[in-house]
Amino acid sequence: MLEILYKYCNKAAGLEKLPKHLRVIVEEIIAVKDAENDIERKIYMPYINSRLTLKLSEEDKETLKTQMGKIVSEIPGKSEEWLMISFDDDKTIYFRGKEMEKAAFIEVKIAGTTEREYKNKVTNLLCSLYETKLNIPKHNIFITFSEVLDWGWNGELF
């Protein structure tokens, strides 16, 4: 038998989307392995970098880190367990030719892919977090998402 799949598609990815499509919970689905190629290595690595105009205190960093650990779990297959975070604070950010007093540029990188709806939810939650904890207006918070297919760690690719 010959199986032909889209380059970035596999049974594991299909099983992640199946519950929503069937309107069931994941515990109601049974998957049967029929070949060794059905063993998928789950990719969990998310990374969030925040470039900010504000100088963050250690307390601010700890609060943001804790909340981002919860927020990243909105993306299927992602959790705080593998979350990497960095803060690049006290920077100058210009927009439309003018220096911004309070602003943030947040990069979210995820190993693998995810649906736009999850990125939208994470965008909303990150904007709310930065607005609430740092008083940065949502209209001054910019977020990009990158889906990384090849991510190296510990001397090899995931």
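Tutor: Let us begin with the packing in this predicted model: helix α3 lies across β1, β2, β5 and β6, and runs at about 140 degrees to β6.

Student: What makes β2 and β6 the edges of the sheet?

Tutor: The open sheet has four strands in the order β2-β1-β5-β6, with mixed pairing. β2 (84-88) and β6 (141-148) each have a single partner strand, so one side of each is left without a neighbour in the sheet. From one strand to the next, the twist averages 15 degrees.

Student: How do you know that β5 and β6 are paired?

Tutor: Pairing requires at least two bridges between the strands, and eight bridges join β5 (residues 104-111) to β6, the two running parallel; they therefore count as paired. Within this pairing, glutamate 107 stands opposite threonine 144 in β6.

Student: Why is the meeting of aspartate 89 and lysine 55 called a salt bridge?

Tutor: The criterion is a side-chain nitrogen of Lys or Arg within 4 Å of a carboxyl oxygen of Asp or Glu, and the N to O distance between the side chains of lysine 55 and aspartate 89 is 3.9 Å, so the pair qualifies.

Student: What makes lysine 121 and glutamate 74 a salt bridge, and how accessible are they?

Tutor: Their closest N and O atoms are 3.3 Å apart, which lies within the 4 Å limit. Lysine 121 belongs to helix α3 and glutamate 74 to the loop between α2 and β2, so this pair ties together parts that are 47 residues apart in sequence. Lysine 121, at 42% relative accessible area, is partly exposed, and glutamate 74 is also partly exposed, at 28%.

Student: How do you know that lysine 119 makes a polar contact with glutamate 147?

Tutor: A polar contact needs N or O atoms within 3.5 Å, and the contact between the side chains of lysine 119 and glutamate 147 is at 3.0 Å, so it meets that limit. Lysine 119 is found in helix α3 (residues 116-134).

Terms used. Residues numbered from 1 in each chain as written. Predicted model: local features only at pLDDT ≥ 70, side-chain atom pairs only at ≥ 80, totals over all residues. Heavy atoms only, no water. Polar contact = N/O pair within 3.5 Å; in protein donor to acceptor, adjacent residues only side chain to side chain. Axes fitted to C-alpha atoms, helices over the stretch in contact; angles between N-to-C directions. Contact = heavy atoms within 4.5 Å. Buried < 20%, exposed > 50% of the residue type's maximum accessible area, 1.4 Å probe, protein only.
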